[in-house]
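Dear colleague,

Please find the structure below, together with its sequence. My notes on what was found in it follow directly after.

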Amino acid sequence: MGKKIKKEVEPPPKDVFDPLLIESKKAATVVLMLNSPEEEVLAKACDAIYKFASKGDENKVTLLSLGAVEPLFKLISHEDPIVRKNATMVFGIMASNSDVKKLLRELDVTNSLIARLVPEEDVIIHEFASLCLAHMAVEYTSKVQIFEQGGLEPLIRLLSSPDPDVKKNSAECIYHLVQDFQSRAAVRELNVIPPLLELLKSEYPVIQLLALKTLGVISNDKETRIILRENQGLDHLFKILETKEFNDLHVEALAVVANCLEDVDTMQLIQQTGGLKKLLSFAETSTIPDIQKNAAKAISKAAYDSENRKILHEQEVEKCLITLLGTDNDGVKTAVSQAISAMCENLASKDAFGIQGIPQLVQLLSSDNEEVKEAAAMALANLTTANPGNASSVAEAEGIEPLINVLSTKRDGAVANAAIVLTNMATQEPLRLSIQSHSIMNAIVEPLQSTNSQVQSKAVLTVAAFGCDADARTELRNAGGLEPLVKLLHSRNEEVRRNACWAAVVCASDELTAVELCRLGALDILEEINLSMGRRNHFSERALDKLLDNDLSQKYSQLGYLSFSNIITDSFYDYGQVKPGVKLLSLEELSTQELNDRRAVILVNIKPPEVKGKGKKEEEKPKEEEEFQIAPKIQEEVTLEKLPWLPPFDFILLDYINDASKTILPLATTKEQVVALAQFVAGNMGGPIEKDKLHEFSWELHISEIKFEQKCNVIPIGKIKKGTFYHRALLFKVIADRIGVGCTLVRGEYTRAWNEVKLVDDSPQGITGLLLPPQVYVVDLMYQPGCLMKQGSAEADHYKLI
């Protein structure tokens, strides 16, 4: 690679003593000589100790145990230059031992060592004082001491020393110091860039390498990169990259270039001078994995800026990355996949990677290296986000099975990104069905149980993406996936909680899944969330509403509202208003309670009791069989007694619905149907009531009489002949739902309730064929049955008030 630094240390001057040769058994004697008052003895002792310590770490430990460090510390500041030099030489080599370094820190020797860096001192002292500081600067405490005691300035000055060892030691010490951000800022102010760039021309590769490594650290700061650019630093770096003899320096040079590419000005400069094209070509043709990896990292860093991404795309960086993706090195594959992810912010790049890049990335999903697998999954996640074409390419590259396999790996990032890809693909129905055929809901159960919030968040989004299909919901239910989903509704992480609520909205689309979610406690959790201003969100409200859609009795009692899509069916009952979190008793429990003074529970039920214990329906049985069925009536009554409890059948309500079907359903317009139904309801519940005589309408007594007559707190709605607002509104909704007239049911204060309908107004006079949006109207069922009041009007507001 180049020359190594090698230099003979100047021997001590001749004197009357022969050189001291120390063996371990004589070391103690020589250490004692360090306290001699005679300078010649001190110089000889230091020289002997230097030679002894140079032989190995064991000898350094011996000297430490003999107490040599403390007297040597005094001698590095001795007035005699030879003593001072020899003592500093000992410190320089002994500081490589960790135990010695620990004692040096305790003695706070850095100040004395920094004092040895002044220009007046001998070059040998510069060499070994800087060597000792370089050893010590590895430790954080010493970094702080050297910085605070002003060590940076003399060290930077010594980068221009004529002695290569001084340059090397000073550069190494500065490299360690700039790991700390305070020193990075300080060296910039002390103008370290020019001498560092000068070191790149050194004939010693070790010095060049230290200069590059230091530039690699300090160029993380934008201000330093500007100074580097102003000092033509990029020219120096590209000269190294273009010189084959410097191939051992290429990795570090690329690391500095990578930092510089973060700045748009630098990127434009490199592009204009042809440097960017050279760089990409250099990366593409290199066979050294570390160079390929660093080139990919350089692209990644640069791609964080939108302008840089545009420039890189213009230079066809995608071709370079796709080529590098085929390299047989896991580190390169990881770095290239990460670079692809970064470039995906550019839409044109995202398309460019699709055809050739995606098949290679899909192959990497099956890599034995977990980092490669994660990086490939992340790249595919970015490539398929808002890009249906790339999502299709993943399927075409047979990526579904490996993606599902990644869901069971232990690498959280890989699992989360694989879930994102599958979710992105699910926006296209053919792909969704194809993924579903690979048992996606079985595979997603394990990620749902992860402790990592990113995995949890992406997994529940996957559930939401595939839960729109009934078979997928069944698979999730059978695989035990609903339980971890419900647990995630409790998450303290806002994103996880919100996404889990959305998944619950989707999964609650069928009754079986909704019932199971409720059994697992989803309803209670959602009610608790929605009571909290901080935790409530749009999706938690939707999820609660959706779950309650499968229990309209609970929904109406709790929320006081049934929407157009909430169709009242048999066994619905209006218990009255309850507070959030209060669970209604079942119809059977309410029916078996003793009579009480509380408001009656209003029941809707026209489902006839099922005849049990017979194998076939009557019409299916052959006539021969009928001849032998001579079951006595008394036996039938005994059988009925053993049947489970069933709600009472409402014959009157059935008649109402049949009448409405015959007389109201055939009407030509929805408006006519609404008006006729309002009048029908009012006519069967006491007729119109004058506003000022409302208090004389004794509906309460009538209801009490029915309760007493039925000996039950639950009364069929058909029994009510004197009904107030909430009775009439309920009956209107029940019949409207049966004959296909859309309406809501809204509970107001006390006895108030009303229905809303949507009607399209007639076109303005003189204009034909104009389709107007539907308007919402409140239906009067009390004062002027059939009168339609526009929602928000004073008339409608007055109707709702007590």
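Gly275 lies in helix 19 (residues 275–285); helices (H or I, at least four residues) and strands (E, at least two) are DSSP runs, numbered from the N terminus. At 6% relative accessibility, Gly275 counts as buried, a term that means under 20% relative accessible area, with exposed meaning over 50% and partly exposed in between (1.4 Å probe, protein chains only). Leaving aside neighbours within four places in sequence, Gly275 is in contact with Phe238 and Ile270, where contact means heavy atoms within 4.5 Å. From C-alpha to C-alpha, Gly275 and Leu234 are 9.2 Å apart in space and 41 residues apart in sequence.

As to provenance, this is a predicted model, in which local features need pLDDT of at least 70 and side-chain atom pairs count only at pLDDT 80 or more, whereas totals for chains, interfaces and linings use all residues. Residues are numbered from 1 along each chain as its sequence is written, and side-chain values use heavy atoms, with hydrogens and water left out.

Helix pairs

Two packed helices are described by the angle between their axes and the distance between the axes. Here the axes are lines fitted to C-alpha atoms, for helices over the stretch in contact, and angles run from 0 to 180 degrees between N-to-C directions.

The axes of helix 5 (residues 81–94) and helix 8 (residues 123–136) cross at roughly 30° and come within 8 Å. Helix 5 and helix 8 are therefore roughly parallel to each other; angles under 35 degrees count as roughly parallel, over 145 as roughly antiparallel, 65 to 115 as roughly perpendicular and the rest as oblique. Helix 5 contributes Pro81, Arg84, Lys85, Thr88, Met89, Phe91, Gly92 and Ile93 to the contact, and helix 8 contributes Ile124, Ile125, Phe128, Ala129, Leu131, Cys132 and His135. By class, the contact of helix 5 with helix 8 has 10 nonpolar, 3 polar and 2 charged residues. In this classification Ala, Val, Leu, Ile, Met, Phe, Trp, Tyr, Cys and Pro count as nonpolar, Asp, Glu, Lys and Arg as charged, and the others, Gly among them, as polar.

Helix 26 (residues 388–396) and helix 28 (residues 412–425) pack at an angle of about 110°, and their axes are 9 Å apart. Helix 26 and helix 28 are therefore roughly perpendicular to each other. Ala391, Val394 and Ala395 of helix 26 meet Val421, Asn424 and Met425 of helix 28 in this contact, which has 5 nonpolar, 1 polar and no charged residues.

For helix 42 (residues 651–663) and helix 45 (residues 725–739), the packing angle is about 50° and the axes are 10 Å apart. Helix 42 and helix 45 are therefore oblique to each other, and helix 42 passes helix 45 in a right-handed crossing. The residues in contact are Leu653, Tyr656, Ile657, Ala660 and Ser661 of helix 42 and Leu731, Val734, Ile735, Arg738 and Ile739 of helix 45. Their classes are 8 nonpolar, 1 polar and 1 charged.

A helix with a buried face

In helix 37 (residues 538–548), the buried residues are Ser540, Ala543, Leu544, Leu547 and Leu548. Seen down the axis of helix 37, they fall within an arc of 130°, so they line one face of the helix; the arc is that of the directions from the helix axis to the C-beta atoms. Their cover includes helix 34 (494–507), helix 35 (511–519), helix 36 (522–530) and helix 38 (552–559).

Individual loop residues

Most residues other than glycine have a negative phi. Glu316, although not a glycine, has a positive phi of about 55°. Glu316 is placed in the loop between helix 21 (306–314) and helix 22 (317–325), and at 43% relative accessibility it counts as partly exposed. Lys711 likewise has a positive phi of about 55° without being a glycine. Lys711 is found in the loop between helix 44 (699–710) and strand 4 (714–716) and counts as exposed at 63% relative accessibility.

Ala137 is in the loop between helix 8 and helix 9 (140–148) and, at 0% relative accessibility, counts as buried. Beyond its neighbours within four places in sequence, Ala137 is in contact with Ser142, Lys143, Ile146, Cys173, His176 and Leu177.

Yours sincerely

Key: A crossing is left-handed if the near helix is turned anticlockwise from the far one by less than a right angle, and right-handed if clockwise.
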